[in-house]
Amino acid sequence: MNSFPKGWKKLLKESREPMFEIAGDTTRLYHFCGALCWRTGTPDSVALDPNHFLKKRKSYSRNEYERSQVPRIFFYLDPSSQESVVSGPLYSVKVPSSRIYDLQEDENNYIEEIKEKRQEEKYWAGDITWPLRRGEDWNKIYNRIKEDGYGGVYEKRNYGDIVMWFEPIEVTLEKQEEE
């Protein structure tokens, strides 16, 4: 007797579909900009540089740095999925959706390509089903995505959907509604 819930194939297929909303040709990205973005006040716009990630990291960014040393800026697709360690005023920017690579779907097979190359390495004892290695594997994937002309990459994380942007970008302060 099958113990799977009715309609499990449909649920599985839906869970693989991209979760972010594309409004036409653009996608809105949200960034909570803490004290690292400016020294005083809350400006209407801020220029963010991914290289800042390499120089000034908070504790939660250190884990991401261990995963990959490729400079990137982190954006939420839904600002309500903000992690408890993230604070500051909310900024946003619209980017061309075509500049975001969906790593969940991975249509260009970057992950499979890295794993296949890894199996050819003399010192690798694992197999293709093993997860990607922190550092080397993730660096190769992100750099390959950048080389192919994408500005950022979409990933689903346990706290929500994010886009990591590889290029300097200007964000605008989201105005809070008066109550």
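Below is a short chat about the predicted model shown above.

Me: What kind of model is this, and how are residues numbered?
Reply: It is a predicted model, where local features need pLDDT of at least 70, side-chain atom pairs count only at pLDDT 80 or more, and totals for chains, interfaces and linings use all residues. Residues are numbered from 1 along each chain as its sequence is written, and side-chain values use heavy atoms, with hydrogens and water left out.

Me: How many helices and strands in the chain?
Reply: Five helices and eight strands. These are DSSP runs numbered from the N terminus, with helices being H or I of at least four residues and strands E of at least two.

Me: And which pattern along the sequence?
Reply: The pattern reads α-β-β-α-α-β-β-β-α-α-β-β-β.

Me: What share of the residues is buried?
Reply: 38% of the 179 residues in the chain. Buried means under 20% relative accessible area, exposed over 50%, and partly exposed in between, with a 1.4 Å probe and protein chains only.

Me: Which residues have the most contacts inside the largest nonpolar core?
Reply: Leu103, Ile141, Tyr142, Ile145 and Val153, in a core of 19 residues. A nonpolar core here is a set of buried Ala, Val, Leu, Ile, Met, Phe, Trp, Tyr and Cys residues joined through side-chain atoms within 4.5 Å.

Me: Which elements give two or more residues to this core?
Reply: β1 (26–32), α4 (110–120), α5 (136–147) and β7 (160–165). The largest share, four residues, comes from α5.

Me: Is there another core, or what else lies apart from it?
Reply: Another core of 17 residues lies apart from it, with Val46, Tyr91, Val93 and Ile169 among them.

Me: Back to Leu103. What is it in contact with, leaving aside neighbours within four places in sequence?
Reply: Leu103 is in contact with Ile111, Trp138, Ile141, Ile145, Val153, Tyr154 and Glu155. Contact means heavy atoms within 4.5 Å.

Me: At what angle do α4 and α5 pack?
Reply: At about 135 degrees, with the axes 10 Å apart. The axes are lines fitted to C-alpha atoms, for helices over the stretch in contact, and angles run from 0 to 180 degrees between N-to-C directions. That makes α4 oblique to α5, given that angles under 35 degrees count as roughly parallel, over 145 as roughly antiparallel, 65 to 115 as roughly perpendicular and the rest as oblique.

Me: Which residues make the contact?
Reply: Tyr110, Ile111, Glu113, Ile114 and Arg118 from α4, and Asp137, Lys140, Ile141, Arg144 and Ile145 from α5.

Me: New topic: where is Arg72?
Reply: In the loop between α3 (59–67) and β3 (73–76).

Me: Buried or exposed?
Reply: Arg72 counts as buried because its relative accessibility is 1%. Leaving aside neighbours within four places in sequence, Arg72 contacts Pro50, Phe53, Glu64, Tyr142, Met164, Trp165 and Phe166.

Me: How many residues apart are Arg72 and Val153 in sequence?
Reply: 81, while their C-alpha atoms are 9.7 Å apart in space.

Me: What about phi at Asp106 and Asn109?
Reply: Asp106 has a positive phi of about 45 degrees, and Asn109 has one of about 60 degrees. Most residues other than glycine have a negative phi.

Me: Where do they lie?
Reply: Asp106 is in the loop between β5 (100–102) and α4, and Asn109 is also in the loop between β5 and α4. Asp106 is buried, at 9% relative accessible area, whereas Asn109 is partly exposed, at 40% relative accessibility.
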